[in-house]
Number of protein chains: 2
Amino acid sequence: MTPTGRHFVAGAAETGGGAPFHAVEPTGGAPLVPAYHEATAAQIERAAAAAGAAAGPFAAVPSATRAALLRAIADGLEALGEALSQRVVAETALPAERVAAERARTCGQLRQFAALLDEGSWVDARIDRGDPARRPVPKPDLRRMRMALGPVAVFGASNFPLAYSVAGGDTASALAAGCPVVVKGHPAHPGTSELVGGVVAAAVQRLGLPAGTFSLLHGRLPATGAALVQQPAIAAVGFTGSYAGGRALFDLAAARPQPIPVFAEMGSANPVLVLPRALAARGERIAEQIAASAVLASGQFCTCPGLAAWCDGPGAAAFAAALNARFAAAAVGPAVHATIRSGYERALDELRALPVAVAATGAGDLAPATGVRPTLLTTTPAAMLQHARLLHEVFGPSLLTVPCTEPAQLLALVAAMPGYLTATVHGDGDDFAEHAELLAALRRKVGRLIANGVPTGVEVCSAMVHGGPWPAATDARFSAVGVTAIERWVRPVCWQDWPQALLPEELRDDNPRRIRRTVDGVVE
Amino acid sequence: MTPTGRHFVAGAAETGGGAPFHAVEPTGGAPLVPAYHEATAAQIERAAAAAGAAAGPFAAVPSATRAALLRAIADGLEALGEALSQRVVAETALPAERVAAERARTCGQLRQFAALLDEGSWVDARIDRGDPARRPVPKPDLRRMRMALGPVAVFGASNFPLAYSVAGGDTASALAAGCPVVVKGHPAHPGTSELVGGVVAAAVQRLGLPAGTFSLLHGRLPATGAALVQQPAIAAVGFTGSYAGGRALFDLAAARPQPIPVFAEMGSANPVLVLPRALAARGERIAEQIAASAVLASGQFCTCPGLAAWCDGPGAAAFAAALNARFAAAAVGPAVHATIRSGYERALDELRALPVAVAATGAGDLAPATGVRPTLLTTTPAAMLQHARLLHEVFGPSLLTVPCTEPAQLLALVAAMPGYLTATVHGDGDDFAEHAELLAALRRKVGRLIANGVPTGVEVCSAMVHGGPWPAATDARFSAVGVTAIERWVRPVCWQDWPQALLPEELRDDNPRRIRRTVDGVVE
């Protein structure tokens, strides 16, 4: 299968539209064929209106059909074989093994949601039976379950061209919930988006689902995404990307006549703290772990560690020296897009204008259009408290170290931190017990707290939290990864005193789907 | 106990502040003693900062202590005895029986949340155990549970001076979650607020909880509430009241440097549809039910029915005549505040300026400062589609009827509807089956769908949904009533690879609290 420049508007392929653009070959910066066209206002309106028309029917199809859709998409992604991998690599310069792993993860996510639908208890059915004899007033029969929120606009991420793009976690969770999806594909990988969009559109059609169930629109202008978020039919937004992008969509959604929820995962500096005993016992090994995590795949992860802090003491010098050595030994590598490279360079310039020293940089030629240089920076605890910029993400293979002289500085640093996706603490023996206050403060800043590990590598499972307090995400109450990601796209609906035959089967007395429910306060 | 004009700032009583104001005696409009003072910027800042300082410690107290707090508040409200009831009646003119029932409901809510904490499974603990032997990468151990979001600003409602005010559903659910609360008391019932606030402050103190766990601030200016929502320490907002008020707070919260979630329940026109067989068989009885629900306690309920529609046919004339007769026989009664009366009159003026006829009005003297007249209005399906105002709430004892001539008009009417808290359908025999499309469309507009009943009377239970699509509420994914209301104030936190001793007990292998958890995908 070869990309030919297609949008899918309500399932139907269309080429053309507004201004053309191309993906870019990462090494030389040459445009890749075919040309893609900015989605027009009319295309956006048609996609959103079709999604609105599909919302009722799609939410009403049996969940087994939605599970079949998710599995068909996963099968289709696998069936694309090398054609898909080659296009991903061509557009993003991600290593082929990483692309293979990401495809496996993407298919795994789709199938996890299918399994969730098959099991069925995710609807959180709650039944409080009536009592007509209750005084002074009869008790009504109340039955509640989760239902689809309506059409979701999904904004693909540049750094996960499969797992957080056209058929990624946002799309999978929204389709699982029964929400039609309109994807605004990331302009860094339009060919990948088209190939995946073709798979989704074909699966929707083969299962006889409403045409508006899925659309894919291309575009690289902020106005295109803005127009999508402002469509009256759109009921929610899923986004993975930069703070500026997420905040802009959040503001647009909040300013609508009818505001809609936005779940934007906007990145994180993912601090790492190294406590004294661990520093003394295995500082060099920890430095290797941190550095490897920070430069992995050129730091193109939301969970890439960007900050490291510790207190001076035994092992501190060796730790710092090992970090320096690892960064000096790291090589220039490709970012997923030339705009990511320019954003990285701009961010490093911002930091270098503050009291920040460059401790080490990786080797290699920056000629490739997307090349980014591993960069180890260092600053002081006082500077961290003075310059908020230092607490925020630099997307790419950099690490800012904050050597402290006393524990109170670590505590003040944590108190100043904004929300992050993750924080990591290395500790041995009594380290954790002796830093209970620090751990408690850190816990309040993050979605995920890691002991003696690295933040990269986001396991897709029920217990995962990929999100966190602002600005890591727009709403800390939800996770973008794992089956609980479906909770972003559903709302509870309550039926009062309805005849059994008119209730959804999840709420009937005979519980034909045999799901777990809360009945009169007891889980059955 | 007598009100003396106190705020409670971080638990400590303070009088004074900005401009004075008084509650108003509803019959004559005379000011009630004592004077209350607008909270100052300094008071607001102190309350919010103390809440911020309390957030960590309060979230960390054992949940048994939080349960004890909720029960102590309920006990304290009961111990206030007649002093509380009399003040509520004096400030709101609500019937004494209604006040007694509302106090019982308020105490019941507090104790329901205490029971939820004692049982403990509400934290939604999820454990995915690690597998160090997994290839190509070891599987981490991931454990997640719900934790408090941080300080919640609660805005009391005028129409539920106990159940949705200082120690009402928002406060109870926030304290249960482990969130400190700063209440901005409703200026219509400051004495009630002070009495209840005294109970909460005393309970916080007696249990040795952080002083910032609870504050009560008085105020009647929008700027006071705005200043509270803009405090950096405030992490979420709970509001029950008008659309204008809720939208203003929502906009302020979204415009913050760090936006915070707002759950505002902003009212609803609560449409009632009467289907042909029910109309023919029992139209007059249904008319009586609807009218009684619409004028109950002068229509001072968010769930008061405000719209009724049906198709012409057997029983239609008798139904309309019965509605007319019931409204003509209804009496002028008191709103909960003079501003509610003026809002009601303004809304009726807005409707009368549109193609709306007055069909019947209740009798009685409008001399009391808060008197509102039951008013039955009628319009056409075409006017409903042309004038969006007609689809929205009129807060008070009015009902707008929309007699239709054909089912397609009903369907078009439902399609045009905004979000509502509730919708009610009366049907007999095959009515429901024959109107499946109508029911499906209506279901998508509401939080709660009622068969053959009335929307007033919100049962406090696990299956209740009190919320709905915009503009009924700012976020349809949550309910303001029932134990699930706690979900508004919590976020998931994930621990990765932590030693058992450092995990919250809800996440330890030995599960000392014996709560229900999801372990490796299986609920245990």
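Which helix of chain A holds the place of V89(A)? Select helix α3, residues 81–92 of chain A, and you will find V89(A) there. Helices here are DSSP runs of H or I with at least four residues, strands are runs of E with at least two, and both are numbered from the N terminus.

Before going on, some ground rules. Residues are numbered from 1 along each chain as its sequence is written, and chains are lettered from A and ligands numbered from 1 in the order in which they are written. The model is predicted: local features need pLDDT of at least 70, side-chain atom pairs count only at pLDDT 80 or more, and totals for chains, interfaces and linings use all residues.

**Stop 1: V89(A)**

Stay on V89(A). It has 17 C-beta neighbours inside 10 Å, so it counts as partly exposed. The scale: buried is 20 or more other C-beta atoms within 10 Å of a residue's own, exposed is 12 or fewer, partly exposed is in between, with C-beta atoms placed from the backbone. Now show L94(A), A96(A) and V99(A); V89(A) touches them, leaving aside residues up to four places away in sequence. Contact means C-beta atoms, placed from the backbone, within 7 Å. Then pick T192(A): 103 residues from V89(A) in sequence, but 9.4 Å away in space, C-alpha to C-alpha.

**Stop 2: helix α1**

Select residues 41–60 of chain A. At 1.5 Å a residue, these 20 residues should span 28 Å, and the end C-alpha atoms are 29 Å apart, which agrees. The expected span is 1.5 Å times one less than the number of residues. Go to A54(A), where α1(A) bends by about 45°. That bend is the angle between axes fitted to the seven residues ending there and the seven starting there. A proline, P57(A), follows within four residues.

Colour the buried residues of α1(A), among them Q43(A), I44(A) and F58(A). Their cover includes strands β1 (7–9) and β6 (142–148), and helix α7 (222–229), of chain A.

**Stop 3: A287(A)**

Move to helix α9, residues 276–295 of chain A, and pick A287(A). With 26 C-beta neighbours inside 10 Å, A287(A) counts as buried. Its contacts, beyond four places in sequence, are F319(A), A322(A), L323(A) and R326(A).

**Stop 4: both chains**

Terms used
Contact = placed C-beta atoms within 7 Å.
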